[in-house]
Amino acid sequence: MSTEPAVHVRDLHKHYGPKRAVDGLDLTVDQGEIFAVLGPNGAGKTTTIEILEGYRHRDRGEVTVLGQDPQHAGREWRSRVGIVLQSANDQAELTVDELVRHFALYYSASRDPQEVIAAVGLTDKARTRTRQLSGGQRRRLDVALGIVGRPELLFLDEPTTGFDPEARRSFWDLISGLRDEGTTILLTTHYLEEAEHLADRCAVVRDGRVVALDSPAALGDRAARQAVVRWTQDGLVRQEATDHPTALVAALAAQQPSGEVPGLEVVRPSLEDVYLSLIGEPVTNEPDLVLALDGVSTDHHPSAEALR
Ligand code: ATP
């Protein structure tokens, strides 16, 4: 396997009339990784993915996908790429089994259709016409069609929209399994839990460009952000944001006769907190009431003094 990236994008631009849907976007996806593209509605994710899939022409910028420019790539390239669109609803009269078998014929090294149907949890529905599937089942079928050709690179545009929690978990197992087999996966999602669970790296896209790119654990300096220590005192929940949670907890514990701090919690910013701050939304679970026990340092949070 060569070490060139599976996807390489530099300074990508796409306008729809006056609307700059993609506005100088840079991205590199390494071979074998799961890469998540996050961003609010209208950020330019689908436009970008469709350009990478070869379905949409760019205005300018460099794009290489599996070593080729998707705008000029041919049939052989297309057979190496798997695509799961946001929603596909053709072939409604075919059964699940017929449709997956039909798609498998397009590829020289396709997976066994029955195994694929089982992998997406649709064995019970194999003889059901696709128009009779629920939204979540239809989505699983879309995924089956995307992977039956054993693609090297799989594009998943909001793959688990409409899934129930259990189906989402089994889908995640399926995607992790594909990565273990060496498939590169580029997915867009609005579920931050999904990105956190699956992605090796994620990019946050806002206004058509990437505003942060890192592993979910490190995105937006997440690990270095302040922790929030919460505890209960006199029947009230108290909390303080701090760079030194260990010292604060030790100070609180020293004040308790039993050494146990009631209701103690130490919370780091979630991926959602970091994401919302990156896209410019107010973070809802930042501490809005910050109090400190007498004798506990409040140096790192001036508002605690003000509230005493
Ligand atoms: P979502 O999360 O809602 O799927 P997205 O990040 O995928 O959003 P895009 O679908 O790429 O966003 O859209 C980016 C911007 O371009 C939006 O403002 C959208 O209204 C606009 N847009 C997308 N497709 C077209 C089109 N065919 N013609 C005109 N404008 C479009």
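## Basis of the model

The model is predicted, so local features need pLDDT of at least 70 and side-chain atom pairs count only at pLDDT 80 or more, while totals for chains, interfaces and linings use all residues. Residues are numbered from 1 along each chain as its sequence is written, and side-chain values use heavy atoms, with hydrogens and water left out.

## Overall content

The secondary structure comprises 10 helices and 12 strands, where helices (H or I, at least four residues) and strands (E, at least two) are DSSP runs numbered from the N terminus. The protein has 308 residues, of which 45% count as buried, a term that stands for under 20% relative accessible area, with exposed meaning over 50% and partly exposed the range in between (1.4 Å probe, protein chains only).

Among contacts with a separation of 6 or more, 65% join residues 24 or more positions apart, a contact being heavy atoms within 4.5 Å. The accessible surface amounts to about 15,300 Å², and carbon and sulfur atoms hold 47% of that surface; the areas come from the Shrake-Rupley method with a 1.4 Å probe, and for residues only the protein chains shown count as cover.

## The cavity

The structure contains 1 cavity of 30 Å³ or more, a cavity being a set of points, on a 1 Å grid over the protein atoms alone, where a 1.4 Å probe fits but cannot get out. The largest cavity holds about 40 Å³ of space, a volume being the space filled by probe spheres set on the points, which are joined across faces, edges and corners.

Its lining, made up of residues with an atom within 4 Å of a point, consists of L25, L27, V37, K45, T48, I49 and V205. By class, the lining divides into 5 nonpolar, 1 polar and 1 charged residue, where Ala, Val, Leu, Ile, Met, Phe, Trp, Tyr, Cys and Pro count as nonpolar, Asp, Glu, Lys and Arg as charged, and the others, Gly among them, as polar.

## Helix α3

In α3 (residues 96–104), the buried residues include V96, L99, V100 and A104. These residues lie on the same side of α3 because they cover an arc of only 135° around the axis, the arc being that of the directions from the helix axis to the C-beta atoms. The cover over the buried residues of α3 includes α4 (113–119) and α5 (135–147).

## The loop at G235

G235 sits in the loop between β10 (227–233) and β11 (236–242), and this residue is exposed, with a relative accessible area of 70%. The C-alpha atoms of G235 and P262 are separated by 9.7 Å, and the two residues are 27 residues apart along the chain.

Note on methods
1 Å grid on protein atoms, 1.4 Å probe; cavity = no way out; pocket = protein on both sides within 12 Å on 5 of 7 lines; lining within 4 Å.
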